Amino acid sequence: MSRPARLVAAVVTAVVAGVLAPPRARADDDAARARFVADRDAKGLLARLEASGAPGDRAWLPLARLAADPAGRAGPGEPSALARVVDALRVLDLPRARAHAPALVAEAGVAGAWAEALVAGRGGQDETAARRLLDAGVPDVARDAFALALLGAALPRDDRELLAGLVRGALVRSGAAGRLDPVARLAAA
């Protein structure tokens, strides 16, 4: 078979395989994300994300791997700043967590800001942490619930408790400053 004929055969085979293959699961639909928020099944979420080809799903894979395996570690070349920070917090490497923290907000929005606040709080900088939480804006429960739930699932229990305390502190500071608008939405988040 000539080279052009082999190329045509390969393309036809790929197209046929794509048409006849079973549809791939997509976890980026609202139902799959809402399902994780409701049941916190990190292993189930990981399976759905791995089966999905959606770029939005692939971006959450590193954090989902950490959430599914509490003893898991991020790889040395992990591109996700959020996964690198969570990994550093898991092994109590605060300098490494601080080194990756500046990229968090650009990568993960509100969840990144909350992780950045946690890094500050871990270092004893509660004022900085509260300011970071308040400056990040009030989380939109519908939009940010998945990211915050996944972050919480990936963090060790002590860090979840510290983060909850930092959010409570931010609420108190916001109320004391007369900024009552964020209080209800931050409390819900």
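Among contacts in the protein chain (heavy atoms within 4.5 Å) between residues at least 6 apart in sequence, 55% join residues at least 24 apart. The model is predicted: local features need pLDDT of at least 70 and side-chain atom pairs pLDDT 80 or more, while totals for chains, interfaces and linings use all residues. Residues are numbered from 1 along each chain as its sequence is written, and side-chain values use heavy atoms, with hydrogens and water left out.

The protein chain has 12 helices and 0 strands. Both are DSSP runs numbered from the N terminus, helices being H or I of at least four residues and strands E of at least two. Of its 189 residues, 40% count as buried, where buried means under 20% relative accessible area, exposed over 50% and partly exposed in between, with a 1.4 Å probe and protein chains only. The protein chain exposes about 10,100 Å², of which carbon and sulfur atoms supply 59%; such areas come from the Shrake-Rupley method with a 1.4 Å probe, and for residues only the protein chains shown count as cover.

Next come the aromatic rings. Rings of Phe, Tyr and Trp (its six-membered ring) pair if their centres lie within 6.5 Å; planes under 30 degrees apart are stacked, over 60 edge-to-face, and the rest tilted. This rule gives 2 aromatic pairs. Phe-36 and Phe-146 have ring centres 5.9 Å apart and planes at 75 degrees, so they pair edge-to-face. Phe-36 sits in helix H2 (residues 30-39) and Phe-146 in helix H10 (residues 141-154), 110 residues apart. Phe-36 is buried at 0% relative accessibility, and Phe-146 is buried at 6%. The rings of Trp-60 and Phe-146 also form an edge-to-face pair, because their centres are 5.7 Å apart and their planes stand at 90 degrees. Trp-60 lies in the loop between helix H4 (55-58) and helix H5 (61-68), so its pairing with Phe-146 in helix H10 ties together parts 86 residues apart in sequence. Trp-60 is buried, with a relative accessible area of 15%.

A charged residue is the last stop. Arg-84 is found in helix H6 (residues 81-90). Arg-84 is buried yet has no salt bridge, meaning a side-chain nitrogen of Lys or Arg within 4 Å of a carboxyl oxygen of Asp or Glu. The nearest side chain of opposite charge, Glu-107, is 5.6 Å away; Lys and Arg count as positive, Asp and Glu as negative, and His and the chain ends are not counted. Leaving out residues up to four places away in sequence, Arg-84 touches Glu-78, Pro-79, Arg-96 and His-100.
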